[in-house]
Amino acid sequence: MGIYYQQSAIDLTRDRTDDLKFTSEYKTLSSSLFAQTNTPIKDNLALISGLRFERWQSDYLDNNQISGENKENLFGGKLALELTTDMDNLLYLSLTRGYKAGGYNGEVNLPSESLRRFDTEYQWNYEVGGKFNSPNGDVINHITAFYTDRKDLQLKSSAIESDGVGWIDFTTNVGKGYSYGIEWQMDWQPVADLLISTSLGLLKTEITQHSNPNPDAFNMQGRAAAHAPEYSFATSAQYALTDKLTA
């Protein structure tokens, strides 16, 4: 069991000219309670269950007299089955629910005042994976397959200013999306002082619903999510030259 508390304040000052100087303050307060239990079902099978309750509060104010307050009760959780073998291998299934709290858009000329606040995004994540050791213990493989279902998806959007020149950037809830993929990592220790690690990730994402309030604006439906590369790869080697020096 645990308690989590965080308080933060973000101050922004944007200097263009004296007439266009912009200042804002965004404060957040998060208080959470969480608990996790491990319940044996059989000798090598266990049920992992966790729950998180969070009280989220945010306050926004700027020198254009735009202000707002947001208070939410947020819930997340986890259920997982873990099976261990005599070789110390691990197989698991899990279901988790996560969230990303809502917030405010501080731009003055939003296309609609209904876009001033955006809501919390929720995700359901389904995973199956395992950890596998070689018979002599010098190779460890981790592999995970996952599927994530996103609701009230938070997406960065934009619109043209009324003068037809500038852009207005804002975040809004646009609908639904998903992602799925596979992640693999291998650690190989051929000798006592050398460790070689390799990892590979494959990812597919899509925005399946984009409910843009402006029918003339760009629509992201059918597009991949931003900052979501289709593949990622890394490899490294570490050699212990001495007990205190590693290359």
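**Entry 1: Arg150 and Glu121**

I started with the side chains of Arg150 and Glu121, which meet in a salt bridge at 2.6 Å, N to O. I am working from a predicted model. The two residues sit 29 apart in the chain, Arg150 in strand E9 (residues 139-151) and Glu121 in strand E8 (residues 121-133). Buried or exposed? I checked Arg150 and then Glu121. Arg150 has 19% relative accessibility, so it counts as buried, the cut-off being under 20%. Glu121 is buried as well, at 3%.

**Entry 2: other salt bridges**

I searched the whole structure and found 8 salt bridges. Arg117 pairs with Glu72, with 3.9 Å between the closest N and O atoms. Arg117 belongs to strand E7 (residues 117-118) and Glu72 to strand E4 (residues 67-84), so this pair ties together parts 45 residues apart in sequence. Arg117 is partly exposed at 31%. Glu72 is buried at 14%. I also noted a salt-bridge network that links Glu72, Arg117 and Asp119.

Next I looked at Glu25, which forms a salt bridge with Lys27 at 3.8 Å between the closest N and O atoms. Glu25 is partly exposed, with a relative accessible area of 31%. Lys27 is partly exposed too, at 40%.

**Entry 3: the sheet**

I traced an open sheet of 10 strands with antiparallel pairing. Its order reads E1-E2-E3-E4-E5-E8-E9-E12-E13-E14. Which strands stand at the edges? They are E1 (2-14) and E14 (231-239); each has a single partner, so one side of each lacks a neighbour in the sheet. Neighbouring strands are turned by 15° against each other on average, direction ignored.

I then followed E12 (residues 175-191) and E13 (residues 194-210), which run antiparallel and are joined by 15 bridges. Asp187 stands opposite Ser197 in E13.

Technical notes:
Residues are numbered from 1 along each chain as its sequence is written. This is a predicted model: local features need pLDDT of at least 70, side-chain atom pairs count only at pLDDT 80 or more; totals for chains, interfaces and linings use all residues. Side-chain values use heavy atoms; hydrogens and water are left out. Two strands pair if DSSP finds at least two bridges between them. Helices (H or I, at least four residues) and strands (E, at least two) are DSSP runs, numbered from the N terminus. Axes are lines fitted to C-alpha atoms, for helices over the stretch in contact, and angles run from 0 to 180 degrees between N-to-C directions. A salt bridge is a side-chain nitrogen of Lys or Arg within 4 Å of a carboxyl oxygen of Asp or Glu. Buried means under 20% relative accessible area, exposed over 50%, partly exposed in between (1.4 Å probe, protein chains only).
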